[in-house]
Amino acid sequence: MIKQFFALLLIATAILPDSNEKIIARQGRVSFFSYTTVENIQADNNQVLSIIDLEDGTIAVSMLMNAFVFEKALMKGHFNESYVESDLYPKGIFEGQIIDFDPNQQGEQIKMIDGVFTMHGVPNELSIKTKIENNNGTYVLTGTFETLVEDYDIKVPPLLSKNISDRIEVNFRFEFQPYEN
Amino acid sequence: MKKKTTIIALVLLAGIIAAFAVYQYTFNSSHRDIASEAVSISISAQSIQQEFSSNEASASQNYLDKVVAITGVVSEITNETLILDDQVYVVMSQPLASQIEIGEEYAIKGRCIGYDGLLEMVKIDQATPLNKTN
């Protein structure tokens, strides 16, 4: 009986993910929405990179502003040229920590991520709720949060202020695989 | 009298058409079609990565949002993405043909969207395969 128990324990430790490892999502999706009575604007970026260190729960996200896809070419032009100025600030970077993250827990867990999102050259502290689904070492992180346009020092001209909401809704979904470095 | 009204009507019509054309052009202009645009720079995967890693700001000025042709050895491949020389991450606009193999030399044309500092890779999107003879 004891022998069998130890055999089981051995198998279990072999299957469980090594805590000293990283996971990566190369094609994470980040979308944002601006809802106003004049028009709704949506942009999607399917090429967002993220890496999580399972040992301490640190998470890094890197997105390229030029990769956001809009419904209209004009919206994309305004976004890249006037608002985020992607020629000067091509990247948005988030660095944070998943609080009390247990990589070994299977199934769903809801956690908070505290960190700093830098966009348009302006760092902004965010606290984001995320649902983490662990299915045998592949992790899916999803969530929604709101952020303010003014927090990133983005100036919307008065003529267009009715077209763009002060609050931007952000949705994200990342599918993580083990990362062999 | 009749002639005058015809002229006024014609001028008005021309004005309406012009206004509509301007409206279409500014508010509904079509997205860029990278595949049909001319290549502005041809470069190897290693050279473009080196330029970005040594001076990201100046490389961004040279390559960002431009159509580039890049050649390199395929180091990773999925259905719609490939990595050249472990240094350039390419997202194709169409799923890749299945006969491409790791280790093979490959050339693509696409839009440079920037440099990813986490993996130290240059990123290309809306890419199409490039025939070496072109």
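Helices (H or I, at least four residues) and strands (E, at least two) are DSSP runs, numbered from the N terminus. On that count, chain A has 2 helices and 9 strands. This is a predicted model, in which local features need pLDDT of at least 70, side-chain atom pairs count only at pLDDT 80 or more, and totals for chains, interfaces and linings use all residues. Residues are numbered from 1 along each chain as its sequence is written, and chains are lettered from A and ligands numbered from 1 in the order in which they are written.

**Confidence**

The model scores ipTM 0.77 and pTM 0.81. pLDDT is the predictor's confidence in each residue, from 0 to 100. Chain B has a mean pLDDT of 90, with 96% of its residues at 70 or more. Where pLDDT is low, the predicted coordinates should not be read in detail.

**Chain A**

From the N terminus, the elements of chain A follow the order α-β-β-β-β-α-β-β-β-β-β. A residue is buried if 20 or more other C-beta atoms lie within 10 Å of its own, exposed if 12 or fewer, and partly exposed in between; C-beta atoms are placed from the backbone. By this rule, 28% of the 181 residues of chain A are buried. Two residues are in contact if their C-beta atoms, placed from the backbone, lie within 7 Å. Among the contacts in chain A with a separation of 6 or more, 55% are between residues 24 or more positions apart.

The table gives their C-beta neighbours.

| Residue | Other C-beta atoms within 10 Å | Class |
|---|---|---|
| Val48(A) | 23 | buried |
| Ser62(A) | 22 | buried |
| Glu85(A) | 15 | partly exposed |
| Asp100(A) | 9 | exposed |

Val48(A) sits in strand E2 of chain A. Leaving out residues up to four places away in sequence, Val48(A) touches Gly28(A), Arg29(A), Val30(A), Val61(A) and Met63(A). Val48(A) and Gln106(A) are 58 residues apart along the chain, and their C-alpha atoms are separated by 25 Å.

Glu85(A) belongs to the loop between H2 and strand E5 (91-98) of chain A. Its phi is near 45 degrees, a positive value in a residue other than glycine. Asp100(A) also has a positive phi without being glycine, near 55 degrees. Asp100(A) is in the loop between E5 and strand E6 (107-119) of chain A.

**Where the chains meet**

In the contact between the chains, 14 residues of chain A face 18 residues of chain B. On the chain A side, the elements giving two or more residues are strand E2 (40-53), strand E3 (58-64) and helix H2 (73-83). The residues on this side comprise 8 nonpolar, 3 polar and 3 charged. Here Ala, Val, Leu, Ile, Met, Phe, Trp, Tyr, Cys and Pro count as nonpolar, Asp, Glu, Lys and Arg as charged, and the others, Gly among them, as polar.

Ser62(A) gives a close view of this contact. Ser62(A) is found in strand E3 of chain A. Beyond residues up to four places away in sequence, Ser62(A) touches Leu49(A), Lys91(A) and Ile93(A), and also Asp116(B), Gly117(B) and Leu118(B). Ser62(A) and Thr130(A) are 68 residues apart in sequence, with 17 Å between their C-alpha atoms.

**Chain B**

Chain B contains 3 helices and 6 strands. Their order from the N terminus is α-β-α-α-β-β-β-β-β. Of its 134 residues, 28% are buried. Contacts between residues at least 24 apart make up 58% of those in chain B between residues at least 6 apart in sequence.

The radius of gyration is taken over C-alpha atoms; the globule rule is 2.2 Å times the number of residues to the power 0.38. For a compact globule of 134 residues it would be near 14 Å, but chain B has 22 Å. The C-alpha atoms of chain B fill a box of roughly 80 × 35 × 25 Å along the principal axes.

Chain B is divided into domain 1 (1-30) and domain 2 (34-132), with bounds that come from an automatic or database domain assignment. The C-alpha centres of these two domains lie 45 Å apart.

A nonpolar core is a set of buried Ala, Val, Leu, Ile, Met, Phe, Trp, Tyr and Cys residues joined through C-beta atoms within 7 Å. The largest such core has 59 residues, and those touching the most other members are Ile48(B), Ile70(B), Leu84(B), Val88(B), Val90(B), Val122(B) and Ile124(B). Apart from neighbours within four places in sequence, Ile48(B) contacts Ile43(B), Tyr63(B), Ile70(B), Val88(B) and Val122(B).
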